[in-house]
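Student: I have a model open and some questions about it. Can we go through them one at a time?

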Amino acid sequence: MHTTIVKRHKTTEQYDEIKLMRSIYAACLAVRTPAGEAEITAKRVAKELKAWLQKKPEVTSHDIRIHAAAFLQKYSTHAAYIYKHHGIVH
Amino acid sequence: MAKQTYDYDLIVLGSGGGGSVAALIAAGAGKRVAIVEPGEMGGECPNYGCVPTKSLLHAAEIYDAAKHAQQFGIRSGTLTYNYPSLKAWKDMAVYRTGTGEGKRLYEAEGIKVLEGEAHFISDHEVTVNRRHISAESFIIATGTHSSIPPIEGLEKAGYITFKEAVNLTRPPKSLFIVGAGSVGCEFAELFSVFGSKVHLADITPRILPKEDEEVSELVRDTFENERGMEILTNAKVLRVAKEGLAKRVYFQQGAIEKSVKVDEVLVATGKLANVDIGLENAGVEYTPRGIQTNEFMQTTARNIYAAGDVVGPYNYTHTAIYQSRIAANNILHKQKVAADYRAVPRVVFLSPEVASVGLSEDECIKRDMPIKKAIAPVAIIGRANTSNVERGFVKVIADRHGVLVGASIVSPRAGEMIHELTLAIQMRLQAADVANTIHAFPTWSEAVRIACSKVAKM
C-alpha cells in the first residue's frame, strides 16, 4: 500500500523511502558516523518506518519526522537529535 | 471574521462506550456527528470483553451449580457440556447487544459512520482512508490493546489474549495464564470450571493485587481448593518454548527456576492505549498509558476531548460511558462538568463475585488516612444458610468521622450489592446511615448492614 504524505501546506506526495534514507544518512554523517554505518542505520530506520506505515494510507511529514527520529534514537542519539531538530529535509 | 466551517460539529474516534454515548448525545442535540471505527462496531466490550466473557461465565456458573446440586436433593444423569454450543450462546449474547446491527443503529440517529483508521492531520482535521474530514470538536475514544511483555520465545511459541480466548472452540486441556488481575482471574475461573488445568501466574505477591488483601486471600483459597488451580505468585515468566504441539513455560519463583508444559498460554498483563493516531499533529499530549486530560475530559488541544480506556484511570465500560457523557456535556454546554472518581464500582465476575468501590485499605494507608474498618462474614446471615454458602465477606472502610470511603465484597451477587455502598460513598453517607436502613431478610445485602453497623459502633 502506498502511503501519501501530507506536507505542511496540505500539499501531498507519495512516501519516498529513498528520500528518507538520504536524510537519515545525512544526519548520521553530520555526527561523524562512518559512511558504512550511516548507510546501515538508514536502511534499518527505513525498514522500521515502513512497518509502521503498513496500515497507514496517509500521514503527515511531521509524523515521518517524529517516528523516524524515534527509530533513529535507538541507533544514534546524536543523529536523532540532528534529524529531529535541524532542517535535514524529507 | 467569518466563522470557520467544518464538515461536522463533532467527530468521534471509536464506537465503544467512550465514543458512542457522546455521539448519540450530540446527535440528539442536533449536532452534525460522525463516528470513525476501524474495527467492529461497539468496540471491545460487546465484541471481546465484558459481554462474551460474562455470557461464558454465566454458562460456567450454571454448569458448576449443576455439578454441586446433589446437596440440595437435585440429581441428574451424566452432566456434560458442548463447548461449540456454549460459544454459539456467547455469540448470540454478543449479537443481542446491537453490534450485529452494525452502523445502521447510528445512521438511524443521523450519525455518519466511517469505517477505517483515523489519523489526525491537524487539530481540526483527520484523514480516514485518504479522505480528509474536519470538525469543530473531536472525542478520542480509541480504546486500548493488549500489552505483551517481552518474554523470550513467546511470539514464536504462540499465545492468546482475551480476544482469542473468548472464541476458542474447546477449552485447552491445560492453560498457563500470565497475569492474575481481573481478566486473568476470570479466564482462570472459566476454563477451570470446564476442566482445564490452570496455572495462574503473577509477578506480584498476590492475585488480584489491586484489591484488598482479604479479597486476594479468599479468591486464592477458592481457586486452589475448589477449582484445583496452581497459583504462582512472585513468579516471573522467563521464556516460552514450543514442545511438540504443547508449550513449555519457564518461570522463576524466588531463586528457583521451574517449568510447566501446557496446551496454551494466555497473556493477561494489562493494556496500552491506542494512541498511534497522529496526536502530535493535533497538539494532544499522551504517554503509552494514555491521553492526558483535565477533569473536564479535555486534552491539551482545547477542541479535542478524550474518554474511555484511552484515558484511564479505569478500564471499565461504565467509566468510559461516564467520561463520554461528561465530554459530550462539556462540548455542548458552557456549564462544565468535572469527572469524579470517588465511587467507581469494580466487579470481578468470579464465583463468588468480587466487588469493590472507593478506596482500598492500602490506598488509605498510603494517604496516611486514619480509618475505621469492619468485616462481616456472609456465613452469619440467613441467606448464606438457605443457600449453603460459607465463603465470603463484606468489608467496609470509613474515615475517622464514620463517613464511608471504601468497601470490598466477596459474595454471591456482590456485583449488585456493591451499588448500595457506591451510592453511600458518592453521597458521603456515614456507616450509621446504612446500618440504620432496613435490609430485607434473607438477602445477601444484610451483610452490608452488619459491616456498617460494626463500623458505626467504633
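Student: How much area do chain A and chain B bury between them?

Tutor: Keep in mind that this is a predicted model. The size of an interface is often given as the accessible area lost when the parts come together. Of the area that chain A and chain B bury, 46% is on carbon and sulfur atoms. The total is about 1,100 Å².

Student: Which residues in chain A lose the most area to chain B?

Tutor: The contact takes 16 residues from chain A and 12 residues from chain B. On the chain A side, three names together make up 39% of what that side buries. They are A:Lys10, A:Pro57 and A:Glu58.

Student: Which residues line the largest cavity?

Tutor: A search of the whole structure finds 2 cavities of 30 Å³ or more. The largest has a volume of about 90 Å³, and its lining divides into 3 nonpolar, 3 polar and 5 charged residues. Chain A and chain B both contribute: A:Lys55, A:Lys56, A:Pro57, A:Glu58, B:Glu117, B:Ala118, B:His119, B:Thr127, B:Asn129, B:Asp276 and B:Ile277.

Student: Which helix gives the most to the lining of the second largest cavity?

Tutor: This cavity has a volume of about 50 Å³. Its lining includes B:Glu189, B:Phe223, B:Ser351 and B:Pro352. By class, the lining has 6 nonpolar, 2 polar and 1 charged residues. The top contributor, with 3 residues, is helix H9 (residues 213–225) of chain B.

Student: Where is B:Pro352 placed, and is the peptide bond from B:Ser351 cis or trans?

Tutor: B:Pro352 is in the loop between strand E19 (346–348) and strand E20 (353–358) of chain B. Omega for the bond from B:Ser351 to B:Pro352 is near 5 degrees. The bond is cis.

Student: Which peptide bond is cis with omega near 0 degrees?

Tutor: Look in the loop between strand E18 (304–306) and helix H11 (317–332) of chain B. B:Pro313 has its place there. The bond runs into that proline from B:Gly312, giving B:Gly312 to B:Pro313.

Student: Which helix gives the most to the lining of the second largest pocket?

Tutor: About 1,300 Å³ of space lies in this pocket. Its lining has 33 residues, and B:Glu61, B:Ser351, B:Pro352, B:Val389 and B:Pro412 lie nearest the centre. Helices H3 (50–67), H8 (182–193), H13 (382–387) and H14 (414–426) of chain B each give two or more residues. With 8 residues, the one giving the most is H3(B).

Student: How many charged residues does the lining of the second largest pocket have?

Tutor: Sort the lining by class. It has 14 nonpolar and 7 polar residues. The charged residues number 12.

Student: At roughly what angle do the axes of H3 and H4 of chain A cross?

Tutor: H3(A) covers residues 61–73 and H4(A) covers residues 77–85. Their axes come within 8 Å and cross at roughly 170 degrees. Angles over 145 degrees count as roughly antiparallel, so H3(A) is roughly antiparallel to H4(A). The angle asked for is roughly 170 degrees.

Student: How many nonpolar residues does the contact of H3(A) with H4(A) have?

Tutor: From H3(A), the residues include A:Ile64, A:Ala68 and A:Leu72. They meet a set in H4(A) that includes A:Ala80 and A:Tyr83. The contact also has 2 polar and 2 charged residues. The nonpolar residues number 7.

Student: Which residue has a positive phi although it is not a glycine?

Tutor: Go to the loop between strand E9 (197–201) and H9 of chain B. A residue there has a phi of about 45 degrees. The residue is B:Leu208.

Notes: Residues numbered from 1 in each chain as written. Chains lettered and ligands numbered in written order. Predicted model: local features only at pLDDT ≥ 70, side-chain atom pairs only at ≥ 80, totals over all residues. Heavy atoms only, no water. Axes fitted to C-alpha atoms, helices over the stretch in contact; angles between N-to-C directions. Helix = DSSP H or I, 4+ residues; strand = E, 2+ residues; numbered from the N terminus. Parallel < 35°, antiparallel > 145°, perpendicular 65-115°, else oblique. Contact = heavy atoms within 4.5 Å. Nonpolar A, V, L, I, M, F, W, Y, C, P; charged D, E, K, R; others polar. 1 Å grid on protein atoms, 1.4 Å probe; cavity = no way out; pocket = protein on both sides within 12 Å on 5 of 7 lines; lining within 4 Å. Points joined across faces, edges and corners; volume = space filled by probe spheres on them. Buried area = accessible area lost by both parts, 1.4 Å probe.
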